[in-house]
Amino acid sequence: LIGRLMFELPEEMGLIAIAVRQTQGKGRGGNVWLSPIGCALSTLHLTVPLHSNLGQRIPFIQHLVSLAVVEAVRSIPGYEDIELRVKWPNDIYYSDLMKLGGVLVNSTLIETTFHILIGFGFNVNNSNPTICINDLIVKFNKEKGTNLKPLSADCLIARTVTVLERLIDIFQEKGPNGVLPEYYKYWVHSGKQVRLHSEDGPSAWIVGIDDFGFLQVHQEGKGVQSVHPDGNSFDMLRNLIVPK
């Protein structure tokens, strides 16, 4: 539906589809996305000029959306320490322990404008199949003696889109350096050691993200090199960056 409508609208107009339930959710690499009741599920359409900071670095969009989801919660007064984080390239995590959301971006270039469809889903009020944001709030209340209220999917979708708009404006004005400090504040990878290519491969340390949104690792004797998300996945359970 949104794919048909997006070319009919004025360029300055945004479009979002929100689902309460999703029966054919898609993940990266053809994976199925499970979407029980209680998830925040939406697809957002936006346009990005090709000749702009973000238009020249389209892979960054998935990072901005992941950050926007985390910020949507952690920018609420009292909720700053809820342990919600981003995992490169497109996941939302509870600490570095468990996935509770993800982002999928599709882009189409028409003349000098990118039409971007951003699918994002994250667990708000469903404890299965992993964990949800309201579980984290209950846990935080027990540990800290606070009385934070549960959050709703509608509220968090709205806040995510609002934060994303701000992040895109900053990126368009200042480029990657305008948003990376905020991204690193919430990401799970700082100083983590990984092995490249296989379990017996060479060791490397994650150091950051390059100007195009690709992961940078430092390998002894070889310096810093970039790893592309389309050709690699990062499996924190096995501590590897592996080719798909």
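**View 1. R57 over the ring of F212.** R57 sits over the face of F212, 5.8 Å from the ring centre (a charge counts as over a ring if NZ of Lys or CZ of Arg is within 6 Å of the ring centre and within 35 degrees of the ring normal). This is a predicted model, in which local features need pLDDT of at least 70, side-chain atom pairs count only at pLDDT 80 or more, and totals for chains, interfaces and linings use all residues. Residues are numbered from 1 along each chain as its sequence is written, and side-chain values use heavy atoms, without hydrogens and water.

**View 2. The aromatic cluster of Y183, Y184 and W187.** Ring pairs link these residues; the whole structure has 5 aromatic pairs (ring centres of Phe, Tyr or Trp, the last by its six-membered ring, within 6.5 Å; planes under 30 degrees apart are stacked, over 60 edge-to-face, the rest tilted). Y183 and Y184 are edge-to-face, at 6.3 Å centre to centre and 65° between the planes. Y184 and W187 form a tilted pair, at 5.1 Å and 55°. Y183 counts as buried because its relative accessibility is 2%, and W187 is buried at 5%, whereas Y184 is partly exposed at 27% (buried is under 20% relative accessible area, exposed over 50%, partly exposed in between; 1.4 Å probe, protein chains only).

**View 3. C39 and C132, without a disulfide.** The count of disulfides is 0 (a disulfide is a pair of cysteine sulfur atoms within 2.5 Å). For C39, the nearest cysteine sulfur is that of C132, 9.0 Å away, too far for a bond. Both cysteines are buried, C39 at 5% relative accessibility and C132 at 2%.
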